[in-house]
Structure formats: structure tokens, C-alpha cells
Amino acid sequence: MDYKTTISDIFSPRKNTFAVPNYQRAYSWEVGADEDKQIPQFLTDLKDHPINVPQYHLGHFLFEQDKTDRNKFWIIDGQQRMTTAVIFMSCIYSRLKSDPKMEKETANIYSEYLLNTDGKQKFETVNYDNNFFINNIIDSRSDTVDTKSRKRIIQAKKYFSKEIEKVDTQTILHWKQLIENSKITTDTVEDKAEATQIFTFQNDRGKDLTDLEKLKAYLMLQIYLSCKTSESNPNVAINYIEKEFESIYRSLEKIKIANENQILSYHTTAFLALAGTAMDRIKNAFNKQIETSRQKWIKDFAVNLKESFEHTLQIQKKRDELSYIADILYLDSPNSFPLLLKIYHFQISATERETLLRFVEIILFKLKYTTGNYYTNYLPNRALDFKGNIQDLKNALLHDAKNGFKNYWNFEGDFINYLEGDNHYFGLSRYLLWKYENKLREDVREPAMLYPEFANLYGSAKFENTIDHWTPQNPYEVEYEPEFNKKYLHNIGNMVLSTRGRNSSDSNNLPSNRSTNSVLISRQILEPHKIRWGKDEIKNRQNEIARFALSYWNPDRQH
């Protein structure tokens, strides 16, 4: 394959095929609302290409030639651009194929970029998306969109199809010609060691890679270098890292609760250090290894990182079922996630896990629902220090739940003072009222409101949970006295759980003029007080909620 060539020149040989290795990330280019997203920019570049400039530039591609099939090329660098170009050509094919005058043109597109005359796929994505790619891009057949990469493939296809429909055939053929004749440069290598060196020195020098991609390149280069001091085959060693990242990317495609850089940061916080960026922590830890142990360290790290991505996927699944996981992620995901990963890493039993995470939830709620200004959070330290001794961790978290992270804190006292205060009109009161609602439901043996309903994971704005004032802030034709505004209006005793739809219908009506229908028990028990709702009623309800809170967030209570 020539160093300077074109897209058409590398695709036109009938036997040439291209594939994305599974250790590469799946398709990640986006449409989005912004014009600077990669898919709109791809088309904008074609539209804006000057007429008097003969060739469009599509960049550099790095290929590894397959050992068995010499006409198959694995895309080490440039797969996002190539995937997009093939999707674009497929959309042109779909638009032109119904035109009899374009029969020869569309036949060429199909055989050069989709399926060759032997029925062999010209371009393959990572394995776990490839059937989807065949169904949607090659055969125009619907398929399940169950990963982020599949969603992006469909969005790219819809965007290009919509834009192509807007223009005439001549413009479409012009765009096709620009892509086919686009100037590219290529490197083709025959082993993983050489590919690793080229990819690393091209992409770890300021180009826009994610931290995870930089890490993969770094680990592959370091394990290659470590082979110089041992008898290890560098291609075998690099292949080991590739396989681990294949699993990482598979998990990543289904993870929604955190992005790849966050998970990498959580993992390195839990297992390596607290200071510096994730890459700083990794490089510092690696550099401390003696030469003979470096290859083992890299492999161990890659396996542990893979497990953290798998555990994140498990945590995501459990979040909707288990309140004690959902709670800490809702209250403070960045500070609690490293400990959560460490707990899963040591395969702690479900019973012990619940106890530990209940303490974490108590700590997090008290840190925020207080008159104290608590900005210190040592949960990441607890994660880093935890080496598998459950009792030591339990003792540390119990101490933190009672006293906070500093000996001089008035942790419990500040919590009580806030509950007994006058102003509770802020977001976390919604969380408190959710727990209070579930306590009332438990008392009458009603099913609890689970986290997906509370957090409105179903996505309907109408059912999004909010907090509302039982007697409104700005009632019709009523003016509150200053003392009421100051001490009672925003008091937790006057706060109720609501939905946006219900909040809108209640509007500024006084309780006596509001609808009596509600599935929330915490609202139902207020119905007898609708006619008379004043200072005493608000104070009595505040005392009741405060008693509940002190009991519920008591670390000595048996949960």
C-alpha cells in the first residue's frame, strides 16, 4: 500500500478488506446539537472544500496487515474517519440506487465499499457491532440499538441521509468524488510491536485522544519495551493488553452512569494514589517498579482495570434494584465510586456490602444536610486504604458516620441544628422527603418508591419529582406576615414531595383549594389539615420529620 494514496485506491482492489480490531474503541463520532460535532463537521468540510483545490484531505491511516489473509488490513489508527466515510458512501448508495441512470455508479459503490463481488464485507467494525453494521448500513435492515456505538452509527446514517436528500444528484456525485479521491497517507506494518510504536508516537504527542486511549497506547508501548529485558515475544505481550482492552470497550459501550475518564479516575484513586491525574498516578506507580517486575505490573493493572469497568456495569444494573447503591451515587458519585469499586473488587457479600454502603450514605447525607460547612471528604482515602479487611473498613466508616472526618467537627450537632432550623428549601430536602415517604409506605405495607421513579429515569418531565410548598410561596390574594415568611414558609414542615405535573396544577392555590388525589402517603396525611394549615401544623410536621431523620440516619440503628 502506497504511503501517499486515496480512499478509492485502497478500497478498489477487489480482495482488499478492512476491519477494526476488537481492542479498539467502538464507533464514537457524534451528531449532537453543535455544529462542531464530528459528523456535521465531516459534511461541512465537504461542502466548504474549494472548487479550485483538486483533492480533499482525509488524514493518516495506520494498518496492520493480517498474518493469514494478506489482503486484510486491521485499522490501528483512523477507524473513526473510515467508518464515517463508509456510512456516508452507503447513504449515497441508498439515495441513488433507485435512479436507473445511476445503476453503474451505485453498483461500483456497493462492490467497492460495502460487499465485493465475492459477497465479502469490505469494511468491518468491532465484532460486537458488526452484525448491526451489516443490517443497518449494508442491508438497510432494522436492528436493536442497545449500545452507545450502535446509536451513533444510526444517528450518523440518519444525519447523512437527511442532508443528502436536500441536494441534487450532481452535488451528491461531487461529494462522492471528493471522498474517493481524498488524499490520505498510510503506514502498513506487519507486527503489533511496530504498530504500537507508530501509534504511540503519533498519538501521545498532543493529539486529541481520551485518557483511556492514551493509557492503552502507553501500556502497549511499555510492555513492548519490557520485552527487551526478557525473552518474551513482544507481539504476544501486546496482544495480551489488546484482549484486556477489548473487554474494557465492550463494557464501556453499555455503561451510562459514568464516562470512561471518570471510571479510569475512580479506579486509579481506589488502587494507586489520590494526587495527580489518572495518567500521573499510573506513570508514577509504573516507574517505581523494577525492570523485571514491570511486565507483570502492566498485566495486573490491565486486568484490574478491566474488572473495574465490568464492576461499573454491574453497579449500574444493581442501582435500579438496590437503594443503598442508588443512594450514594445520587448523593456524591465522585467521592463514593472509588470505594464502591474497591468493595466489588474484594467480592464482599451482599449483606456486608449493604452495611458498609449504608454507613457511606449516612456520611454523605450528614455532610450536606447540616449547618456546618463541611468540604473535606475522606471517602477516597478510605477506598485507597482498604486492602480487604472488612472489619477495619466497617469501624472506620462507623466512626465517620458518627463524628465526620475531623475530630473537631460537631457532626451530629450540626445535623440536628439544621433539621431544627427554619429554611430547608433546597434540593437535598427532596431526598429527605423521599425517604420519609418510603417510611410512611413501610408503616402501611405499601411498596416503596424505588430510585428509578424518584430520579425519573423514565424521562417524562411531567413525572419528575420536585419539592413543593404545601402552603404556596405566592398565594392568590393572600400576604403572609414577615415572621411566617422567615420561619415557616421554607420550613421542612411545609415542604412536600411533588411532581412537576402536580406542582403545575397546584399552582399558587392554598391547600384548601387543591386537589385531594395523590398516590403519595405524605400528602394524603396532610388532607385533614387543608382547611387549617398554619404555624403550629408546620412546626408539628417539622418535629415529626426531624424525629424520622435522626432515627433513619442514626449509624447505630439496625438497618
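Author: Two residues are in contact when heavy atoms lie within 4.5 Å. Among contacts in the protein chain between residues at least 6 apart in sequence, 73% join residues at least 24 apart. The model is a predicted one, in which local features need pLDDT of at least 70 and side-chain atom pairs count only at pLDDT 80 or more, while totals for chains, interfaces and linings use all residues. Residues are numbered from 1 along each chain as its sequence is written, and side-chain values use heavy atoms, with hydrogens and water left out.

The mean pLDDT (the predictor's confidence in each residue, from 0 to 100) of the protein chain is 90, and 93% of its residues reach 70 or more.

Of the 559 residues, 53% are buried; buried means under 20% relative accessible area, exposed over 50%, and partly exposed in between, with a 1.4 Å probe and protein chains only.

I turn now to the strands. Strands of a sheet pair through backbone hydrogen bonds, either parallel or antiparallel. Here two strands pair if DSSP finds at least two bridges between them. Strand β7 (residues 465–469) and strand β8 (residues 495–499) are antiparallel partners, joined over five bridges. Within this pair, I467 has L497 of β8 as its bridge partner, and H469 is bridged to M495 in β8.

Strand β7 is largely enclosed by the rest of the structure, because five of its five residues are buried. In a regular strand the side chains alternate between the two faces of the sheet. In β7 both faces are covered: N465, I467 and H469 are buried on one side, and T466 and D468 are buried on the other. For β8, four of the five residues are buried, so this strand too is largely enclosed by the rest of the structure.

Six strands form an open sheet with mixed pairing, in the order β1-β6-β3-β4-β2-β5. Its edges are β1 (4–6) and β5 (123–124); each has a single partner strand, so one side of each is left without a neighbour in the sheet. Within the sheet, strand β3 (residues 57–65) runs antiparallel to strand β4 (residues 72–77), and four bridges join them. In this pairing, E64 stands opposite W74 of β4.

The charged end of R81 sits over the ring of F61, 4.6 Å from its centre; a charge counts as over a ring if NZ of Lys or CZ of Arg is within 6 Å of the ring centre and within 35 degrees of the ring normal. Elsewhere, K435 lies over the face of W434, at 4.0 Å from the ring centre.

D400, in helix α17 (residues 390–403), counts as buried because its relative accessibility is 1%. Leaving aside neighbours within four places in sequence, D400 is in contact with I363, R382, F405 and F411. T371 belongs to the loop between α15 (350–368) and α16 (379–385), and at 43% relative accessibility it counts as partly exposed. With the neighbours within four places in sequence again set aside, T371 is in contact with D414, N417 and Y418.

S140, in the loop between α5 (127–138) and α6 (148–165), has a positive phi of about 50 degrees although it is not a glycine; its relative accessibility of 41% makes it partly exposed. Q347, in the loop between α14 (323–345) and α15, likewise is a residue other than glycine with a positive phi, near 50 degrees. Q347 is exposed, with a relative accessible area of 72%.

Key. Helix = DSSP H or I, 4+ residues; strand = E, 2+ residues; numbered from the N terminus.
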